[in-house]
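The sequence and structure are shown first.

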Amino acid sequence: MSQLIIFDTTMRDGEQSPGASMNKDEKVRIGKALEKMKVDVIEAGFAAASPGDFESIVAVTQAVRESTICSLARAVDGDIDRAAEALKAAERARIHTFIATSPIHMEHKLRMTPDQVVERAVYAVKRARNQVADVEFSCEDAGRSDIDFLCRVIEAAIDAGASTINIPDTVGYAIPEEFGNNIKTLIERIPNSDKAIFSVHCHNDLGLAVANSLAAVANGARQVECTINGLGERAGNASLEEVVMGVRTRSDLFDVHTNIDTQIIVPTSRMVSSITGFPVQPNKAIVGANAFAHEAGIHQDGVLKHRETYEIMKAEDVGWGANKMVMGKHSGRAAFRARLEELGVTFDSDQDLNVAFARFKELADKKHEIFDEDLQALVSEARTIDNKYELVTLEAHSQTGETPKAKLTLSVEGKETTVESEGSGPVDAAFKAVEGLAKSNANVQLYSVNSITSGTDSQGEVTVRLEKAGRIVNGVGSDTDIVVASAKAYINALNLLESGDKAHPQTDGV
Ligand code: KIV
Ligand code: ZN
């Protein structure tokens, strides 16, 4: 049985989901969780995209020592050198360089001839190889590239020193049988294909990312690029949990194994959802709240008699039920710090720890049992951006037959101001009051509330997606009072809108 390498790109392609930005500390937390899950390669970002991305990669290389850490780089000197610099401290470093190979991208985006593209690919791989031993080369938009041209460029990239060749279905266009056959053809036809691992990177525009990835594995691919919860550009990437559980559950069909500790899947899914503000749909495979819930009586009866009648996987194998009551009102600072450290959260200073601990005590006063998920949300909320707005107090009034009202005191760059408004409900009133002051003119694209744990004393976790001049951000907030959680999420989104933007890896070529 050969190993299927799991390459996680939650922090790079996943971060390209509109609004799914992650800061340095959040990336370190995710990186540690992925390492604990035994992910082989972690694409921590795109070093040349922004100083923030660069610093996040550096921080991940310092915090994560077991997994290979990778940075994306276009096939240009500046990107490759910046990636190498960011990866300097890594125990195991990989540069992932790419150039588009489809006729439509070469002609209209790159404005380069196929010969120039081959030449540039070879140049980029060699430049990367001069700086690190492990180089991956991707043919962007391979799903729409000519197979003869792919053979040519890939053979040259392997000769130049690439040890992983990635075949992305960048626009999610492929169909499983076709994609699997293409992988087989490439491996058979490229004379030096035995010198590289073939990898796939599938997008989900037609809902086929996982199916295409599995078809590729059945045809010889030995690395799959994927993301937690299937996060990623547009409709997302192949979801890590589905790929891993697919090959494991159907080991009768796939002659591969992964290193993944599957019990870490659900906690990591929760962490990524809470950091990015992307809720997980209840019917999402493996990690959705309903993934192991049986509603129909006939199913429940079957499962009670013999679990395998309706269940092909065990919920506990993917980490369901692992959420233990970890802390309560009487837990001390040392226990709080120790539990957060186990979750990958460390504090830069005693002051940061004190602020988080004070929040924890406040929560413990309202909520009897505190779970890991509550701690994750508590830390996620303290996103370390320079916050222009902070919520100080909120008073909401709603009564049947009366117009709902909200009154908030906000700190704006350190100065307190009180605002109030009416609305169709207390949340609407709170948003209107804040907007009346901030005058952001941003559009609310999404408002969603999820309970973090079960029980009516659960914290509500709210996501507010704001759009302004094409820029999208997701604000998150949590509280046992969902009006407060909503106001926090709205304010968090406003603060994110105020913070900077960064370059996108696929906006331009060379
Ligand atoms: O989808 C894609 O083509 C990519 C590459 C940069 C690997 O994300
Ligand atoms: Zn991609």
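A residue is called buried when its relative accessible area is under 20%, exposed when that area is over 50%, and partly exposed in between. The model discussed here is predicted.

**Backbone**

By this cut-off I286 is buried, because its relative accessible area is 7%. I286 is not a glycine, yet its phi is positive, at about 65°. The residue sits in the loop that runs between α10 (265-276) and α11 (297-305).

K38 is another residue other than glycine with a positive phi, in this case near 70°. Its place is the loop between α1 (24-36) and β3 (41-45). K38 has a relative accessibility of 48% and therefore counts as partly exposed.

**Domains**

**Nonpolar cores**

The largest nonpolar core has 100 residues, and the members that touch the most other members are I95, F137, I154, I165, I167 and V200. Helix α6 (residues 147-160) contributes the most to this core, with nine residues. Both domain 1 (2-276) and domain 2 (292-319) supply at least three residues each to this core. Another core, of 28 residues, lies apart from it; L410, A485, A489 and L497 are among its members.

The contacts of I95 can be listed in more detail. Leaving out residues up to four places away in sequence, I95 touches S71, A73, I80, A83, A84 and L87, and also A128, V132, D134, V135 and E136.

**Surface patch**

Which residues form a nonpolar patch on the surface? The patch consists of V444, Y447, V449 and I482, which together have about 300 Å² of accessible area. Strand β16 (residues 443-451) provides the largest share of the patch, namely three residues. I482, in turn, belongs to helix α16 (residues 482-498).

How values were computed:
Residues numbered from 1 in each chain as written. Chains lettered and ligands numbered in written order. Predicted model: local features only at pLDDT ≥ 70, side-chain atom pairs only at ≥ 80, totals over all residues. Heavy atoms only, no water. Patch = residues over 30% accessible without salt bridge, like charges linked within 9 Å, V, L, I, M, F, W, Y side chains within 5 Å. Areas by Shrake-Rupley, 256 points an atom, 1.4 Å probe, with all protein chains shown as cover. Salt bridge = Lys/Arg side-chain N within 4 Å of Asp/Glu carboxyl O. Helix = DSSP H or I, 4+ residues; strand = E, 2+ residues; numbered from the N terminus. Core = buried A, V, L, I, M, F, W, Y, C linked by side-chain atoms within 4.5 Å. Buried < 20%, exposed > 50% of the residue type's maximum accessible area, 1.4 Å probe, protein only. Domains from an automatic or database assignment. Contact = heavy atoms within 4.5 Å.
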